[in-house]
Amino acid sequence: MNRLNLATSAKTLLLSATIGISSLPMQLNAAETQVDEQSDAEPMALRLIMQDLELNMQKIASAIIREDLATVAEIAPLVADHDEPPMTEKMRILSFMGSDAGAFKSLDGVTHDTAMMLKEVAEENDGDAVIKTYADLLQSCVACHQKFKQPFVDHFYR
């Protein structure tokens with residue numbers, strides 16, 4: 001694939017993915033804001049962690065579009081090794097998830113491993129692999145959100 005086609009394909013893929021994914025947090029935040037206004041409960045740390053992950057994913061997408069693979073390599077570990085909620089919050093989350101806790105941890109592991117692979121292929125300056133691996137990383141995020149986001153929101157924010 002020549003450089004122009006690669007850049008065009010990458011921009012199309014990333015623009016589509018970024019637009020689609022960027023609307024999810026706005027929808028979630030709107031629902032959470034409405035619930036927060038009706039509740040005295042303090043927002044969970046996980047919400048801030050997810051917002052940081054969203055920002056870092058957007059920075060990676062932007063860097064890919066600019067063909068700035070050094071920045072991709074720099075930011076990918078922030079996704080891989082994201083903050084975790086405090087232990088008390090983590091216990092509440094895992095208790096709520098029950099038998100699905102293993103699936104949650106597994107999906108988080110896939111996200112970690114894929115983000116670290118993204119760092120590696122970016123360091124190798126392999127643009128095609130960066131695009132494919134970023135798509136895999138997005139898919140791991142979406143898979144987790146599809147399985148856990150709505151039940152989590154319903155339980156903790158309503």
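## Salt bridges and packed helices: a quick tour

A search of the whole structure turns up 5 salt bridges. Keep in mind that this is a predicted model.

**Salt bridges**

- Start with Arg66 and Asp68, whose side chains meet in a salt bridge at 3.4 Å, N to O. That counts as a salt bridge because the cut-off is 4 Å between a side-chain nitrogen of Lys or Arg and a carboxyl oxygen of Asp or Glu.
- Next up is Lys90, which pairs with Glu84 in a salt bridge, with 2.2 Å between the closest N and O atoms.
- Here Lys90 is partly exposed, with a relative accessible area of 22%, while Glu84 counts as exposed at 51%.
- Then there's Lys132, joined to Asp136 by a salt bridge whose closest N and O atoms are 2.7 Å apart.
- You'll find both Lys132 and Asp136 in helix H6 (residues 127–157), where they sit 4 residues apart, or about one turn of the helix.
- As for accessibility, Lys132 is exposed at 52%, whereas Asp136 is partly exposed at 34%.

**How H3 packs against H5**

- Two packed helices are described by the angle between their axes and the distance between the axes.
- The crossing of H3 past H5 is left-handed.
- Sorted by type, the residues of the contact between H3 and H5 are 11 nonpolar, 2 polar and 2 charged.
- On the H3 side, the contact residues include Leu69, Val72 and Pro77, and among those they meet in H5 are His112, Met116 and Lys119.

**How H2 packs against H3**

- H2 brings residues including Leu53, Met57 and Ile60 to the contact, and H3 brings residues including Thr71, Ile75 and Leu78.
- Val72 of H3 turns up in the contact with H2 and in the contact with H5.

**How H2 packs against H6**

- H2 and H6 make a left-handed crossing.
- The contact of H2 with H6 is made up of 14 nonpolar residues, 1 polar and 1 charged.
- Look for Leu46, Arg47 and Met50 among the H2 residues here, and for Tyr134, Cys141 and Phe152 among those of H6.
- Met57 and Ile60 of H2 take part in this contact with H6, and both are also listed in the contact with H3.

**A buried serine**

- Ser140 is in helix H6, and Ser140 is buried because its relative accessible area is 5%, with the cut-off for buried being under 20%.
- Leaving aside residues up to four places away in sequence, Ser140 touches Val110 and Thr111.
- Thr111 is also one of the H5 residues that meet H3.

**Two loop residues with positive phi**

- Most residues other than glycine have a negative phi.
- Glu67 isn't a glycine, yet its phi is positive, at about 60°. Glu67 sits in the loop between H2 and H3, and it is partly exposed at 37% relative accessible area.
- Asn125 likewise has a positive phi of about 60° without being a glycine. Its place is the loop between H5 and H6, where Asn125 is exposed, with a relative accessible area of 59%.

Note on methods. Residues are numbered from 1 along each chain as its sequence is written. This is a predicted model: local features need pLDDT of at least 70, side-chain atom pairs count only at pLDDT 80 or more; totals for chains, interfaces and linings use all residues. Side-chain values use heavy atoms; hydrogens and water are left out. Buried means under 20% relative accessible area, exposed over 50%, partly exposed in between (1.4 Å probe, protein chains only). A crossing is left-handed if the near helix is turned anticlockwise from the far one by less than a right angle, and right-handed if clockwise. Contact means heavy atoms within 4.5 Å. Ala, Val, Leu, Ile, Met, Phe, Trp, Tyr, Cys and Pro count as nonpolar, Asp, Glu, Lys and Arg as charged, and the others, Gly among them, as polar.
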